[in-house]
Amino acid sequence: MFGHIAAALVPLAALAFLLSYSDHLRRADEEHARFIDYARLIGQSSAKVMARAEGYAGALASLPPVSLGDCEDLFVSMREELIEAVELDIARNGAKLCRVVLREGKVTLLATTANGSPAGTAIAVSRVNEATGVRIEIGLRPQTLLTAPIAATASSNIGFALVDETGAVLASHTYDTNYQRAFLDAVGTLTPANWPAGSFTENDNGWYIGSAALPGTQYRVVTASQPTATLLEPWLSITSALAPPLLLLAVVFVVLRYGIQRFLLRYLSHIYATFRRYGSGDTRARVGELVAAPPEISLLGITFDMMADRIDHRARDLEEALGEQMRLSRELHHRIKNTLQMITSLVAMQRRDATQDNEKAVLRVALERVLSISAAYRVSYASNDGTDVAVEALVRDVVESLRGPAMVSQGRVRILVEETSHSSIDLDRAIPLAFILAELLPPRFDSLHDDRTLKIEITGDETICLLISGAGEIGEFLDDAGDKTPLRTRLVRAYLRQLSASCTLEGDTTRLEMPSAGLTDMRHRGRDLPG
């Protein structure tokens with residue numbers, strides 16, 4: 001095992017380096033995206049400054065012309081709220097009234113015939129009052145608009161530049177002045193046709209360049225980062241520092257391989273193989289005696305053998321207890337079945353001895369209800385575990401039990417089962433179902449004519465559905481009629497509530513549906529349905 005570890009050590013180290021480098025590139029991409037966001041924030045901030053300047057120019061243009069005489073006072077007042085302003089030019093109907101600039105920190109009033117911008121390249125914002133013909137133009141210093149987050153750029157050599165619609169650089173900022181020239185050269189390669197937007201792009205010199213527009217203007221903020229070749233230097237130094245210890249560790253592991261394999265791994269391999277056999281189902285698998293093995297390894301094998309022996313004893317005890325429980329359960333069901341059979345015989349004997357018709361009718365109802373319980377227990381007793389009852393077998397047994405008191409021949413009752421219906425129901429739900437059948441079937445048996453047959457259809461798997469014909473012949477009503485509701489109807493409604501089932505009339509057919517709760521698929525339990 002250690003030999004494999006030693007052989008894989010160097011590739012693992014290389015893989016770790018590649019993962020670290022890929023993580024570094026990922027963080028570099030995230031940093032690029034972050035600086036694109038910084039560029040957008042700078043553009044938004046600069047757009048706000050220009051919007052403020054436009055608002056201030058609009059306010060000055062709305063003043064009466066006589067209030068615009070003292071240009072210097074207007075300029076000084078304006079800079080208290082708009083510190084980015086370096087120039088104020090006022091004209092009326094094409095003729096300049098005054099011109100004030102900020103030169104070397106001093107406010108200077110220029111002649112109205114002066115051309116150009118003494119304050120250098122400025123971004124002009126102007127507003128015109130059409131009514132008075134007054135035109136106010138405010139010049140903003142580009143460098144003050146480029147409010148780059150200096151703290152954010154301290155960890156990298158990424159710079160920002162403000163360019164106009166022609167691509168000319170109006171202002172720039174880089175954290176490291178050594179990259180000022182290279183940064184400006186990279187920005188200078190851009191033209192309005194190839195301005196990047198939304199993400200960084202790499203130019204021919206390896207610089208990553210991105211840009212964001214100033215909202216509402218033709219100016220853009222451009223940001224660029226240094227070529228990735230310089231980013232490899234720290235990782236190359238790390239590689240050279242890690243190579244000697246990694247090689248030393250590889251040699252140590254190769255030397256130790258044979259000793260560890262000889263004195264330790266072969267015993268562990270044997271124990272592991274035994275674990276695998278035991279886990280796959282071979283409960284007789286044992287480690288056995290480990291000759292010349294270290295004491296700790298021998299103790300591990302002995303412990304496993306003792307644990308396996310205890311599990312075997314415990315499994316045998318559980319099997320015996322389960323068998324005894326099953327025997328007692330079947331014995332209980334057998335006694336219940338015999339008791340019900342005895343009750344059935346007594347009620348049948350008393351019915352035969354009765355002389356009054358109403359007495360015979362009452363005893364027949366009692367006999368039919370006892371027979372329905374007996375059928376549920378009889379079918380349950382015939383199953384493997386004595387707890388689940390096949391729905392088809394239950395219906396057949398209940399029908400067979402109730403035919404006798406009604407003196408209906410077997411051929412006059414047809415039971416149809418859907419091929420996909422193979423459901424079973426627990427005994428607690430089978431007894432109410434048998435009671436419902438004991439209330440619904442006898443009136444139909446009594447109303448059968450010589451040429452008629454009673455049909456019962458069983459459908460569904462997850463939801464059992466019984467369709468019983470003959471409702472029209474007996475005029476069956478299952479609605480609640482208060483105190484006048486027949487006892488048979490009240491009993492059916494009570495049993496339906498126990499089963500959370502429903503019983504409805506569809507023409508001459510009664511439809512009985514039971515929900516899926518309590519149902520199991522007998523096919524998954526490997527049993528054949530009763531015929």
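Which loop holds Asn 93? Asn 93 is found in the loop between strand S1 (85-92) and strand S2 (95-103).

## Basis of the model

This is a predicted model, in which local features need pLDDT of at least 70, side-chain atom pairs count only at pLDDT 80 or more, and totals for chains, interfaces and linings use all residues. Residues are numbered from 1 along each chain as its sequence is written, and side-chain values use heavy atoms, with hydrogens and water left out.

Helices (H or I, at least four residues) and strands (E, at least two) are DSSP runs, numbered from the N terminus.

## Positive phi in loops

Asn 93 has a phi near 55 degrees, a positive value in a residue other than glycine. Asn 93 counts as exposed because its relative accessible area is 63% (buried means under 20%, exposed over 50%, partly exposed in between, with a 1.4 Å probe and protein chains only).

Met 407 also has a positive phi, near 55 degrees. Met 407 sits in the loop between helix H8 (391-406) and strand S12 (413-417). With 75% relative accessibility, Met 407 is exposed.

Strand S2 pairs with strand S3 (residues 106-110) in the antiparallel sense, over five bridges; two strands pair if DSSP finds at least two bridges between them. Thr 108 in S3 is the bridge partner of Val 101.

Three aromatic pairs are found in the whole structure. Rings of Phe, Tyr and Trp (its six-membered ring) pair if their centres lie within 6.5 Å; planes under 30 degrees apart count as stacked, over 60 as edge-to-face and the rest as tilted.

The rings of Phe 275 and Phe 304 have centres 4.5 Å apart and planes at 50 degrees, so this pair is tilted. The pair links distant parts of the chain, with Phe 275 in helix H5 (residues 233-279) and Phe 304 in helix H6, 29 residues apart. Phe 275 is partly exposed at 35% relative accessible area, whereas Phe 304 is buried at 7%.

The rings of Tyr 278 and Phe 304 have centres 5.6 Å apart and planes at 80 degrees, so this pair is edge-to-face. Tyr 278 lies in H5, 26 residues from Phe 304 in H6. Tyr 278 is buried, with a relative accessible area of 16%. Ring pairs join Phe 275, Tyr 278 and Phe 304 into a cluster.
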